Amino acid sequence: MKIILHEFDLPLRHVFTISRGSIDVQKTLIVELQQDGYSGYGEATTNDYYGFTLENMVRSLETVQDTIAAHELTDPATFWQLVAPRLNDNSFAQCALDLAAHDLWGKIQQQPVHQLWGLDTTSIPTSNYTIGIDEIDVMVHKMQEFPDWPIYKIKLGTSEDVEIVRTLRQHTEAIFRVDANCAWSAEETIRNSHLLKELNVEFIEQPMAADQWDAMRQVRAESVLPVIADESCLVESDVARCQDCFHGINIKLVKCGGLTPARRMIQQARQLELQLMVGCMTESTVGISAIAQLLPLLDYVDMDGAVLLREDIASGVTVEAGRCQYPDENGNGIQLWKPQPIQG
């Protein structure tokens, strides 16, 4: 195989704010793997909170260039086991490489990845559309830009959280999900759960700091809404810890290292009777198309990343009014529009 790295700036439709910061441009790394005349594409966006940059992802991938060059891809899971120990715990780089391997594998096999896994996409969950924190009237406007979505995820972590949801509720009957991104206390979470349930909120995502395990046990016991782990569930070893503290988990491909470990986490969560969600990290259509391959295995999905962008970089899976539309393409279905190889 041959590896080519591409760097892009993804301009967002709006400034995107959560409880710990704001962005208006998302930097992303696209990995391209070439073999047998095919190209497979994978993605990992940068993230200050987790400490992953374009520079450290590129450095990690450079350490496995010779391994990739000597390898003939026949199975992405085998490839993952080969390269993962050599990437210095850089799960974001591992994710981009793993997604590219799956896309390439499907193109070589001339089937979509979900079909190679034996999955039926007849019945799949609907994606939410995410409303970032802003002035309340601006949040209303953001929601009204996409009035036909059946589910909205509302970012919270302000002094007006319940009022935000109450005001948005006046403008739609859609299902709400809320995500506090670690901003609440246990008492606040339990209190808010009662108020938010009256406003037809489906669940609360990661209300408290990731390491507050004892307090989360109390929240799980006393909240009248389900609580879903995100920052508390990064990798495979976190799944079992979440069983007594959350009702479900939100798997992020960049955090766990790609589709290969995500499938193992899904299997483990099902055995523990945890609800399952996969979420995005403001990826382009490259990353979103990879998430789509997992949909038949999930209860919930947040795959609106490409919809949040002002400009995309690829074709593949699309999400319209929350509903996933698969392309008539193999692999993850991706075609990169304007490759931008990193020089040097």
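**Pockets and a cavity**

Guide: Strand 2 (21-35) gives the largest share of the lining of the largest pocket, six residues. This is a predicted model, in which local features need pLDDT of at least 70 and side-chain atom pairs pLDDT 80 or more, while totals for chains, interfaces and linings use all residues. Residues are numbered from 1 along each chain as its sequence is written, and side-chain values use heavy atoms, without hydrogens and water.

Visitor: What is a pocket, and what is a cavity?

Guide: On a 1 Å grid over the protein atoms alone, a cavity is a set of points where a 1.4 Å probe fits but cannot get out; a pocket is an open set with protein on both sides within 12 Å along at least five of seven lines, and lining residues have an atom within 4 Å of a point. A volume is the space filled by probe spheres set on the points, which are joined across faces, edges and corners. Here the largest pocket has a volume of about 680 Å³. Of its 34 lining residues, Ile18, Ile23, Gln26, Asn47 and Thr282 are the closest to the centre.

Visitor: How many cavities of 30 Å³ or more are there, and what is the volume of the largest?

Guide: The count comes to one cavity of 30 Å³ or more, and the largest cavity has a volume of about 90 Å³. Its lining includes Phe16, Tyr129 and Lys142.

Visitor: Which strand gives the most to that lining?

Guide: Strands are DSSP runs of E, at least two residues, numbered from the N terminus. Strand 1 gives the most to the lining of the largest cavity, with five residues.

Notes: Helices (H or I, at least four residues) and strands (E, at least two) are DSSP runs, numbered from the N terminus.
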